[in-house]
Amino acid sequence: MKKRGLLNGIKVALLAAATALLLSGCDSSSMIVLDPKGPVGHTELKLIILSVVLCAIVVIPVLGILVYIILRYRDKPGNKAPYQPDWDDSKTLEVIWWGIPIVIIAILGVFTVKGIHTLTKPPVQNAKPITIQVTSLDWKWLFEYPEQGIATVNHVEIPAGVPVQFELMADGPMNSFWVPQLGGQEYTMPGMAMRLWLQADEPGTYFGSGANFTGKGFAHMRFDVVAKPQADFNKWVEKVKKTSPAMTTDTYANLKKKGLSDVKYFSSYPKDHFKKVLNKNGGQYMKMNDKKKDDSQFHEMKDMEDMSDMSEMDMDHN
C-alpha cells in the first residue's frame, strides 16, 4: 500500500509540474483575441464567451462525474461499490441529458446567427465607410485603396472610428486574412471576392497575419494595421501619392512571384487592377454582381420605356 501511495504521489507531482509548465506560456499580453479594439471584435468576443459558458455547463459536470465514477468504481482492494449487473433505463434522465444539449445548441445558434448577421453590415452608420481591396500573394499582402488611388504591400493604414470594408481575394494559394483585435478571419481565394467589415475604435497599431498555411514563407505573411485620426490618414495618403512610385503591370508581375517582400508604397496602380486579376482567375462573384447590376439597369430602362409608352397612349387617348 505504501508503494502504491508513493506512485500516486509521484503522478500527482508530475501532473502539477506539467500543468505549471504549460501555463507558463500563457502570457496575458499576447492573448490579443481577448482584447478587441473595435465593434466587430467586441461582438465576436461576446460570442466566444457565450460559447465557452454554454459548453462549460455540459463539459464540467460530465468531467466531474467521470472522475467520480473512476474513483468510486475502480477495481481496488476493499472496493465497497455495489456490483449491480441488472441494467435498467430512466426516461427522466434520458430527457435531461438529451434535452440540455439541444437547448444549449438552440440558444447558441440563435445568438450566433443574430451576431453574424450584424457583422455583414457597417459597424456604425454615422461615418462614411472606406474600401480596401486586399490580394494575398506568395508570400505577401497587397492593399489597394480604390477611393484614394494608392497601394501598399505588407502595411495598411485606416482612419480610426471609420468602418472599413475589405474586399479579399488571392492571386496565388488560398489564404486567410486576420486582424485579431479588430475581428475574425476571412478567407482569400482566387477568382472570388469575399467581404469583411472591420473597424478600429481608437488609434493604434494592430497585428495582422495570414491564418492559412501556404508554405515556408507563411510565417512572414504579417502586416501592421495602423489606425489614426482621419486628418492624419489624409496626410498619409497625400504623402504616399507624392513620394512613392507608381505600381505598373510589370511591378505587379514581380510582386506576384513567390518570395518575401518588405513594406512598399505605390502612388497609383493600373485602372481596375483588382477586378482584372479577379476575372483572370474566374471572377464568378463579381460577374454575378455585374449581371445583377445589368439586369437591374435593364429593368429600370424597361420600366422607363413602359412609362413612356403609357404617356403616349394617354396623349393619343386625349
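Guide: Please keep in mind that this is a predicted model.

Visitor: Why is Lys-228 called buried?

Guide: The relative accessible area of Lys-228 is 18%, and buried means under 20%, so Lys-228 is called buried.

Visitor: What makes the pairing of the side chains of Lys-228 and Glu-157 a polar contact?

Guide: The two side chains come to 2.7 Å, and since a polar contact requires a pair of N or O atoms within 3.5 Å, the pair from Lys-228 and Glu-157 qualifies. Not counting residues up to four places away in sequence, Lys-228 also touches several others, including Ile-158, Pro-203, Phe-233 and Trp-236.

Visitor: Which residues of helix 4 are buried?

Guide: In helix 4, which comprises residues 230-243, the residues Phe-233, Trp-236, Val-237 and Val-240 are buried.

Visitor: How do you know that the buried residues of helix 4 line one face?

Guide: Viewed down the axis of helix 4, the buried residues fall within an arc of 100°, and therefore they line one face of the helix. The face turned away from that buried side carries the exposed residues Lys-235, Lys-239, Lys-242 and Thr-243. As for their partners, the buried residues of helix 4 pack against a set of strands, among them strand 1 (130-137), strand 4 (155-159) and strand 10 (222-228).

Visitor: Why is Phe-218 called partly exposed?

Guide: Phe-218, which lies in the loop between strand 9 (204-210) and strand 10, has a relative accessibility of 22%; because buried means under 20% and exposed over 50%, this value falls in between, and Phe-218 counts as partly exposed. Leaving aside neighbours within four places in sequence, Phe-218 is in contact with Trp-139, Gly-210, Ala-211, Asn-212 and Phe-213. Phe-218 and Asp-138 are 80 residues apart in sequence, yet 8.4 Å apart in space, C-alpha to C-alpha.

Visitor: What span should the 35 residues of helix 2 have, and how far apart are its end C-alpha atoms?

Guide: At 1.5 Å a residue, helix 2 (residues 39-73) should span 51 Å, and its end C-alpha atoms are 51 Å apart, which agrees.

Visitor: Against what do the buried residues of helix 2 pack?

Guide: The buried residues of helix 2, which include Val-40, Gly-41 and Leu-54, pack against helix 3 (91-118) and strand 8 (194-198).

Terms used. Residues numbered from 1 in each chain as written. Predicted model: local features only at pLDDT ≥ 70, side-chain atom pairs only at ≥ 80, totals over all residues. Heavy atoms only, no water. Helix = DSSP H or I, 4+ residues; strand = E, 2+ residues; numbered from the N terminus. Expected span 1.5 Å × (residues − 1). Buried < 20%, exposed > 50% of the residue type's maximum accessible area, 1.4 Å probe, protein only. Arc of directions from axis to C-beta. Contact = heavy atoms within 4.5 Å. Polar contact = N/O pair within 3.5 Å; in protein donor to acceptor, adjacent residues only side chain to side chain.
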